[in-house]
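User: I'm new to this one. Can you put it up so we can go through it together?
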Amino acid sequence: MRMKRLIIAFALSMTAAYAHAGLLRYECSFVFVCTEFGDCGSSDFELNFMIDTVTGEAKTVGNNGFSDVYLVSGYNSISLIEPLPTGAVQTTTIIENGHALHSRHTVIAGTFTNSQYHGSCGRTGQ
């Protein structure tokens, strides 16, 4: 019985280690923004993402905690899509060299408020 408990404990510890090993983190900094009116200028906007490569789950990490996002993987980029309670979405696309574009399609009081942020993301993890 003791041997069985040891095997189960070992298996659980290996599962936890494997799941932890599949964590990617993207730390993004967006330095340029354009609004729906064509106004463009500098920006100081940061956004972070965590992706579990084992489960395929992704989250954005912000001041209010974590939010679920959908991960779309391609051959040279990934996109992270965050649905908003209004039904609008925000998307971030990151290409292989780390360049990134964050698009906000927001609805406030029945009116669109959109913007695009340009910047880059650094990746850590596996």
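User: Let's start with a detail. What is the torsion about the S-S bond of C28 and C121, and is the disulfide right-handed or left-handed?

Analyst: The torsion about that S-S bond is about 110°, so the disulfide between C28 and C121 is right-handed. Keep in mind that this is a predicted model.

User: Where do C28 and C121 lie?

Analyst: C28 lies in strand 1, and C121 lies in strand 8, residues 111–125. The pair therefore ties together parts that are 93 residues apart in sequence. From S to S, the disulfide of C28 and C121 spans 2.0 Å.

User: Are C28 and C121 buried or exposed?

Analyst: Both C28 and C121 are buried.

User: How many disulfides are there in the whole structure?

Analyst: Two. C34 and C40 form a disulfide as well, with their sulfur atoms 2.1 Å apart. The torsion about the S-S bond of C34 and C40 is about 115°, so that disulfide is right-handed.

User: And is C34 buried or exposed? What about C40?

Analyst: C34 counts as buried because its relative accessibility is 18%, and the cut-off for buried is under 20%. C40 has a relative accessible area of 46%, so C40 is partly exposed.

User: Which pattern do the disulfides follow?

Analyst: Counting bonded cysteines along the chain, the pattern is 1-4, 2-3.

User: Okay, new topic. Which elements does the chain have, and in what order do they run?

Analyst: The chain has one helix and eight strands. From the N terminus on, they run α-β-β-β-β-β-β-β-β.

User: What do the eight strands close into?

Analyst: They close into a barrel. The order is 1-2-3-4-5-6-7-8, and the pairing is antiparallel. From one strand to the next, the twist averages 30°.

User: Remind me, what do strands of a sheet pair through?

Analyst: Strands of a sheet pair through backbone hydrogen bonds, and the pairing can be parallel or antiparallel.

User: Zoom in on one pair. How many bridges join strand 1 to strand 2?

Analyst: 11 bridges. Strand 1 covers residues 23–35, strand 2 covers residues 40–52, and the two run antiparallel. As one example, L24 has I51 in strand 2 as its bridge partner.

User: I clicked on S43. Where is its place, and is it buried or exposed?

Analyst: S43 is in strand 2. Its relative accessible area is 18%, so S43 is buried.

User: What lies 3.3 Å from a polar atom of the S43 side chain?

Analyst: The backbone oxygen of F30.

User: Which residues is S43 in contact with, leaving aside neighbours within four places in sequence?

Analyst: F30, V31, F32, V33 and Y117.

User: Last thing, confidence. What pLDDT does the chain average?

Analyst: The chain averages 82, and 82% of the residues score at least 70.

User: Where does pLDDT stay under 50?

Analyst: Over residues 1–19. For that stretch, the model has three contacts beyond four places in sequence.

Terms used: Residues are numbered from 1 along each chain as its sequence is written. This is a predicted model: local features need pLDDT of at least 70, side-chain atom pairs count only at pLDDT 80 or more; totals for chains, interfaces and linings use all residues. Side-chain values use heavy atoms; hydrogens and water are left out. Two strands pair if DSSP finds at least two bridges between them. Helices (H or I, at least four residues) and strands (E, at least two) are DSSP runs, numbered from the N terminus. Axes are lines fitted to C-alpha atoms, for helices over the stretch in contact, and angles run from 0 to 180 degrees between N-to-C directions. Buried means under 20% relative accessible area, exposed over 50%, partly exposed in between (1.4 Å probe, protein chains only). A polar contact is a pair of N or O atoms within 3.5 Å; within protein, one must be able to donate a hydrogen and the other to accept it, and residues adjacent in sequence count only if both atoms are side-chain atoms. Contact means heavy atoms within 4.5 Å. A disulfide is a pair of cysteine sulfur atoms within 2.5 Å. pLDDT is the predictor's confidence in each residue, from 0 to 100.
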